[in-house]
Amino acid sequence: MIDLKFNKQKWFKIATIFFALINIVAYFHAYKFTHFTDRNVAKSKDAKKLSFGEKLKVLFLGMDNPKPKQKNPPPTMPYETVFIQSNQKLAGWLIKGDSSKGTVIFFHGYSGEKSDMLGRADWFLKAGYGALFVDFTGSGGSEGSETTIGYKESVDVKASFDFLKQKGENNIYLFGSSMGAAAILKAEYDYHLNPKAMFLECPFGSMYATTAARFKRMGIPAFPMAGFLVFWGGFQHGFWGYSHNPVEYAKAVKCPVILMYGQKDETVNEGDINLMFENFSSRVKKLKKYPNAAHESYLNQYKVEWTQHISQFMEKLN
C-alpha cells in the first residue's frame with residue numbers, strides 16, 4: 001500500500017528546495033542585470049547568438065555587463081563638459097544653441113552612454129537648438145555602477161531638467177531612447193516637469209514585459225523566471241518591480257509628444273506602444289512606426305523619414 005503521507009512530505013520537500021533554488025538563481029541573475037562591472041569582460045552577446053551551453057549559463061548565473069565606457073565627444077561642435085548632481089554625480093556634454101529656441105536633453109538606453117545619442121541630435125543642432133547629453137548613473141562618465149532600467153533614472157532626468165532651469169533655460173525638450181524614454185515617462189509621472197515636448201523612442205510597457213522579452217529572445221520560457229527576476233531586481237534597489245510600468249506613467253503626459261516604434265522590435269510589444277499612445281492626454285501627439293526597424297536607432301534604416309517626422313512635429317509646435 002502506498003504511503004500517501006510519506007509521498008506528500010517528500011514532494012513538499014522537493015518543491016521547497018526547487019523554489020529556494022530558483023529564487024537564488026533569480027537573485028544573482030537580477031544582480032548582474034542591474035549592476036555593471038569594471039572588470040575587463042566582453043560586451044554581452046545578442047541573445048540569439050548564444051550557444052545552448054551559453055544560454056544555460058546565462059539562465060542560471062546571469063551575464064556580466066561591463067560598465068558602458070565614455071566614448072568620443074561631439075566631433076564638430078564646441079561643447080562644455082558639465083556635472084549634474086543627482087543621486088550620484090552625472091557627467092554630461094552641453095552644446096549651447098539659439099537661446100530663443102531652447103535645449104533638448106538626450107537620454108540613452110540600457111547599457112549605453114551619452115555618445116549613443118549624438119546622431120539623433122544632428123537635426124536639432126542644425127536647426128539652432130542647444131543639446132545636453134547625459135550619462136545615467138552607472139554609465140559613461142557618471143558615478144555608480146547600478147542601473148534600475150529607468151526607475152531611479154527618473155531622478156537623473158529631473159536633475160538634468162533642473163540643471164538647465166537653474167541656468168535660465170525655460171524651453172526644455174526631452175528625448176529618450178528605450179530605457180531613457182521610460183525614465184522620462186516616470187519623471188513626468190513623479191515630478192510633473194511639463195517640458196516643451198517629448199521625443200520617445202521604443203519605451204517598454206512594463207518592467208515585467210521587457211524582462212520576459214529578454215527570455216523569449218533566447219528561446220527560453222519566460223515563466224516563472226521573469227517574475228522572480230522582476231521581484232528580486234526591485235528588491236535589491238528598494239522598489240516594487242511590478243510597479244514600474246511606463247504604460248501607466250504615460251497618463252501623466254500632457255505636453256506635446258511623439259512616440260516612435262520599430263515594428264520588428266522583439267524587446268517592446270506593439271500592443272503596449274499603442275496603449276501608451278492612447279494614454280497620453282496631450283493635445284498634440286504623434287505615433288510613428290517604422291516597419292523594418294528593430295530595437296535600434298531608426299537612423300540606421302530610416303534617416304530621411306525619421307528626420308522628416310521630427311521636422312514636421314517641431315513645425316506643429318511653432
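This is a predicted model: local features need pLDDT of at least 70, side-chain atom pairs count only at pLDDT 80 or more; totals for chains, interfaces and linings use all residues.

Biologist: How is a pair of aromatic rings described?

Modeller: A pair of aromatic rings is described by the distance of the centres and the angle of the planes. A search of the whole structure finds 31 aromatic pairs. One of them joins Phe106 and Phe133, with 5.2 Å from centre to centre and 15° between the planes; this pair is stacked.

Biologist: Which parts of the chain does the pair of Phe106 and Phe133 tie together?

Modeller: Phe106 belongs to strand β3 (residues 103-107) and Phe133 to strand β4 (residues 130-134), so the pair links parts that are 27 residues apart in sequence. Phe106 has a relative accessible area of 0% and is buried. Phe133 also counts as buried, at 0% relative accessibility.

Biologist: Why is the pair of Trp232 and Phe235 edge-to-face?

Modeller: The ring centres of Trp232 and Phe235 are 5.2 Å apart and the planes stand at 85°, so the pair is edge-to-face. The cut-off for that class is an angle over 60 degrees. Trp232 counts as buried because its relative accessibility is 17%, and the limit for a buried residue is under 20%.

Biologist: Which residues form the aromatic cluster?

Modeller: Phe106, Trp123, Phe124, Tyr129, Phe133, Tyr173, Phe175, Phe199, Trp306 and Phe313 form one aromatic cluster.

Biologist: Which charged residues lie over the face of a ring?

Modeller: Lys186 lies over the face of Tyr151, 4.2 Å from the ring centre. Lys285 is placed over the face of Phe277, at 4.8 Å from the ring centre.

Biologist: How do the axes of helices α3 and α10 cross?

Modeller: Helix α3 (residues 118-126) and helix α10 (residues 299-317) have axes that come within 11 Å and cross at roughly 35°. The crossing is right-handed. On the α3 side, Gly119, Arg120, Trp123 and Phe124 take part; they meet Leu299, Trp306, Thr307, Ile310, Ser311 and Met314 of α10. The residues of this contact comprise six nonpolar, three polar and one charged.

Biologist: Where is Gly128 found, and what is it in contact with?

Modeller: Gly128 sits in the loop between α3 and β4. Apart from its neighbours within four places in sequence, Gly128 is in contact with Gly97, Asp98 and Lys101. Gly128 and Lys101 are 27 residues apart in sequence, yet 7.0 Å apart in space, C-alpha to C-alpha.

Terms used: Residues are numbered from 1 along each chain as its sequence is written. Side-chain values use heavy atoms; hydrogens and water are left out. Axes are lines fitted to C-alpha atoms, for helices over the stretch in contact, and angles run from 0 to 180 degrees between N-to-C directions. Helices (H or I, at least four residues) and strands (E, at least two) are DSSP runs, numbered from the N terminus. A crossing is left-handed if the near helix is turned anticlockwise from the far one by less than a right angle, and right-handed if clockwise. Contact means heavy atoms within 4.5 Å. Ala, Val, Leu, Ile, Met, Phe, Trp, Tyr, Cys and Pro count as nonpolar, Asp, Glu, Lys and Arg as charged, and the others, Gly among them, as polar. Rings of Phe, Tyr and Trp (its six-membered ring) pair if their centres lie within 6.5 Å; planes under 30 degrees apart count as stacked, over 60 as edge-to-face and the rest as tilted. Buried means under 20% relative accessible area, exposed over 50%, partly exposed in between (1.4 Å probe, protein chains only). A charge sits over a ring if NZ of Lys or CZ of Arg is within 6 Å of the ring centre and within 35 degrees of the ring normal.
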